[in-house]
Amino acid sequence: QVQLVESGGGLVQAGGSLRLSCVASGRSFSSYAMGWFRQAPGKEREFVAVMERFGGSTRYADSVKGRFTISRDNTWTTVYLQMNSLKPEDTAVYYCAARQGSTLHRPDYWGQGTQVTVSS
C-alpha cells in the first residue's frame, strides 16, 4: 500500500521558518517526481515545488522562489520542504505528491496534508 505521510507543519510568526517532511512508502519512488502543493482556505490547490525523478531538476512557484527549498534524501523515500521567510499568505494545508516521471502534472499519489499557519 502506497502512502505519503507529511509532518512538520505548525504555527510560526512571519519571518520564521519551518521544514516539512514527507515519507513515502509502499514502493520505490526513485523514478517518481515528488513535491508539494498547498491549499489555502477558499482557494484552489496550487503547485509549490517539485524535484524531478532521480534527484533531477527542481522547480518552484514564483511566490516561493528564493524562500523555499525542496530536497530529497538519498534513499528517495523522503522529500523535504525548507520554508524560510514565511509570510501570512503562505498559510495553507501543504500536501506532498508523487508522480512517475518528470513532472507533477496530475499526481499519482497524495499525502493527507499538514497545516502551516503563519501569523503576522
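User: Phe37: buried or exposed?

Analyst: Phe37 counts as buried, because its relative accessibility is 12%. Buried means under 20% relative accessible area, exposed over 50%, and partly exposed in between, with a 1.4 Å probe and protein chains only.

User: What sort of model is this?

Analyst: This is a predicted model, where local features need pLDDT of at least 70 and side-chain atom pairs count only at pLDDT 80 or more, while totals for chains, interfaces and linings use all residues. Residues are numbered from 1 along each chain as its sequence is written, and side-chain values use heavy atoms, with hydrogens and water left out.

User: How many aromatic pairs are there?

Analyst: The structure holds six. Rings of Phe, Tyr and Trp (its six-membered ring) pair if their centres lie within 6.5 Å; planes under 30 degrees apart count as stacked, over 60 as edge-to-face and the rest as tilted.

User: How do Phe37 and Phe47 sit?

Analyst: Their ring centres are 5.9 Å apart and the planes stand at 80 degrees, so the pair is edge-to-face. Phe37 is in strand 4 (residues 32-39) and Phe47 in strand 5 (residues 46-51), 10 residues apart. Strands here are DSSP runs (E, at least two residues), numbered from the N terminus.

User: And how accessible is Phe47?

Analyst: Phe47 counts as partly exposed, at 24% relative accessibility.

User: What about Tyr95 and Trp110?

Analyst: Also a pair: the centres of Tyr95 and Trp110 are 6.4 Å apart with planes at 90 degrees, so this is edge-to-face. Tyr95 lies in strand 9 (residues 92-100) and Trp110 in strand 10 (residues 109-110), so the pair ties together parts 15 residues apart in sequence. Tyr95 is buried at 13%; Trp110 is partly exposed at 35%.

User: Which residues make up the cluster?

Analyst: Phe37, Phe47, Tyr95 and Trp110 form one aromatic cluster.

User: Where does Arg45 lie?

Analyst: Arg45 lies over the face of Tyr95, at 3.8 Å from the ring centre. Arg45 also lies over the face of Trp110, at 4.5 Å from that ring's centre. The cut-offs: NZ of Lys or CZ of Arg within 6 Å of the ring centre and within 35 degrees of the ring normal.

User: Switching to the core. Which residues have the most contacts inside the largest one?

Analyst: Met34, Trp36, Leu81, Met83 and Tyr94, in a nonpolar core of 28 residues. Such a core is a set of buried Ala, Val, Leu, Ile, Met, Phe, Trp, Tyr and Cys residues joined through side-chain atoms within 4.5 Å. Among the strands that each supply at least two residues are strand 7 (68-72) and strand 11 (114-119).

User: What does Leu81 touch?

Analyst: Not counting residues up to four places away in sequence, its partners include Leu18, Trp36, Val48, Ile70 and Tyr94. Contact means heavy atoms within 4.5 Å.

User: What is the order of the open sheet?

Analyst: The order of this four-stranded sheet is 1-3-8-7, with antiparallel pairing. Strands pair if DSSP finds at least two bridges between them. Strand 1 and strand 7 are the edges, each pairing on one side only.

User: How many bridges join strand 3 to strand 8?

Analyst: Six, with strand 8 spanning residues 78-83. Leu18 has Met83 as its bridge partner in strand 8. Strand 1 (residues 3-7) and strand 3 (residues 18-25) pair over five bridges. There, Glu6 stands opposite Cys22, and Gln3 opposite Ser25.
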